[in-house]
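This report describes a protein model for a reader who is new to structural terms. Please keep the sequence and the structure in view while reading.

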Amino acid sequence: MTASRERRTLATLPIFSIVLMKEKIGLLHISSSSFITSSHPSLTSSQKPSGMTRENQFLWLSTKPASLPSLQYNSTNIRVRSTSSLLGQADPILVIETHPETPPSLRIDKAFPALLEYANAIDFAKLDVTDHGHIPFVIILVRVLEDWKTSVSYCRKTHLISAEFTRYSIVENSQPRMLRSRNLKPLSRR
Amino acid sequence: MKVKIDEENFDEAFDQAYRAWTPTNVPSGITALFRDPTLASLRSDSPPFYHLLKALEDFSSEPPHVLPLTSTLPDMKADTKKYIELQKLYKERSLEEKDKFKQLLAKRGARVDEETIDSFVKNAHAIRLLRGRRWGAFDASSAELGGFSTSSYSWILSVV
């Protein structure tokens, strides 16, 4: 790979700069190219451990204080077997937008006053069938928790609601007697 | 509570019931960030992330010991009117809590731009601090290698 070709390759990769470093290209070329000072993380590949160390030391030092992450990919052929490793080095990377799969809390168990007031103001028994079938689940759960707190099976110490209570309250619609007999003992033991 | 067998909102409530019995606390990953040594020696020129993190710690140390509320509501079986009413409740509360967070941040004399604060508060439950190490640091530490030095590793390779 020639130096000019490598420069073009780097320029077309705005997110992740890929640097294929061989001993003969050397660090001098890398240090003269402008991508190091840009804000791109880098991926380097080399076959000799000594070269890898030198290159990564260079990347480590030259990207400070920008703290750009660099990944090192290495592969080694031993007879017919091939081993490879992908190693990374970076100063602390602070990430705010991680796009997690876990949804943020709706704070159902610690409902804020306005939510609690809204949920308590709904009279489930007086709603017509259509409205009853369109109450958001958040409101239903807040109400179930509130009802549970006033029931005999509520354990103030643990604040743990039992799965059985939720099931009977929401779906089975048969909360009182079954819960009192089935849930009181286990909860009082906690 | 469920009066008809086909009331999907109650089925949804049942499916989401774990949210009711899972206590809302500060996630352990975030609490671990509060123990970062940089927070103990926070200076005015420290990166904004650490100032935001410190303000978040202040926020969560007050009752009810939670992270700032996000206004994002998931999709749910509801009519438009009730959904919007609920969304407004969450939005108003999240704005209140964001203001409180900003006050805590201002109290520490930190200057962070509004956009970053908004993004931080919105994603407060999922912030991450990734730590890497300089190349070769792991190989140089025989303690981490369990007493196994890189020289013996080279020797094994040469034998193979």
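The sections below treat the basis of the model, its chains, its helix packing, its aromatic pairs and some backbone details.

## Basis of the model

This is a predicted model, in which local features need pLDDT of at least 70 and side-chain atom pairs count only at pLDDT 80 or more, while totals for chains, interfaces and linings use all residues. Residues are numbered from 1 along each chain as its sequence is written, chains are lettered from A and ligands numbered from 1 in the order in which they are written, and side-chain values use heavy atoms, with hydrogens and water left out.

## The two chains

Helices and strands are DSSP runs numbered from the N terminus (helices: H or I, at least four residues; strands: E, at least two). Chain A has eight helices and five strands, and its elements follow the pattern α-β-α-β-α-β-β-β-α-α-α-α-α along the sequence. Chain B has nine helices and one strand; from the N terminus its order is α-α-α-α-α-α-α-β-α-α.

A residue is called buried under 20% relative accessible area, exposed over 50%, and partly exposed in between (1.4 Å probe, protein chains only). Of the 190 residues of chain A, 36% are buried; in chain B, buried residues make up 39% of 160. Contact means heavy atoms within 4.5 Å. Among contacts between residues at least 6 apart in sequence, those joining residues at least 24 apart amount to 53% in chain A and 56% in chain B.

## Packing around helix α5 of chain B

Two packed helices are described by the angle between their axes and the distance between the axes. Here, axes are lines fitted to C-alpha atoms, for helices over the stretch in contact, and angles run from 0 to 180 degrees between N-to-C directions. Helix α5 (residues 48–61) and helix α7 (residues 114–122) of chain B have axes that come within 11 Å and cross at roughly 50°. The arrangement of α5(B) and α7(B) is therefore oblique (under 35 degrees counts as roughly parallel, over 145 as roughly antiparallel, 65 to 115 as roughly perpendicular, and the rest as oblique). The crossing of α5(B) and α7(B) is right-handed, a term used if the near helix is turned clockwise from the far one by less than a right angle; if anticlockwise, the crossing is left-handed. On the α5(B) side the contact is made by B:F49, B:L52, B:L53 and B:L56, and on the α7(B) side by B:T116, B:I117 and B:F120. These residues divide into six nonpolar, one polar and no charged (Ala, Val, Leu, Ile, Met, Phe, Trp, Tyr, Cys and Pro are nonpolar; Asp, Glu, Lys and Arg are charged; the others, Gly among them, are polar).

The axes of α5(B) and α6(B) come within 9 Å and cross at roughly 115°, again in a right-handed crossing. B:H51, B:L52, B:A55, B:L56, B:D58 and B:F59 of α5(B) meet B:E97, B:K100, B:F101, B:L104 and B:L105 of α6(B). This contact has seven nonpolar, one polar and three charged residues. B:L52, in helix α5 of chain B, is buried, with a relative accessible area of 0%. Beyond four places away in sequence, B:L52 touches A:I96, B:F101, B:L105, B:V112, B:T116, B:I117 and B:F120.

## Aromatic pairs

How many aromatic pairs does the structure hold over all chains? There are four; rings of Phe, Tyr and Trp (its six-membered ring) pair if their centres lie within 6.5 Å, and planes under 30 degrees apart count as stacked, over 60 as edge-to-face and the rest as tilted. A:F112 and B:Y90 form an edge-to-face pair, 5.3 Å centre to centre with 90° between the planes. A:F112 lies in the loop between β5 (93–95) and α4 (113–121) of chain A and B:Y90 in helix α6 (residues 80–107) of chain B, so this pair joins two chains. Both A:F112 and B:Y90 are buried.

B:F101 and B:F120 form a stacked pair, 5.9 Å centre to centre with 25° between the planes. B:F101 belongs to helix α6 and B:F120 to helix α7 of chain B, 19 residues apart. B:F101 is buried at 0% relative accessibility, and B:F120 is buried with a relative accessible area of 0%. B:F49, B:Y50, B:F101 and B:F120 form one aromatic cluster.

## Backbone details

A cis peptide bond, with omega about 5°, joins B:P63 and B:P64; B:P64 is in the loop between α5 and α6 of chain B. B:H65 is found in the loop between α5 and α6 of chain B and has a positive phi of about 55° although it is not a glycine. At 41% relative accessibility, B:H65 is partly exposed.

A:R107, also not a glycine, has a positive phi of about 55°. A:R107 is in the loop between β5 and α4 of chain A and counts as buried at 3% relative accessibility.
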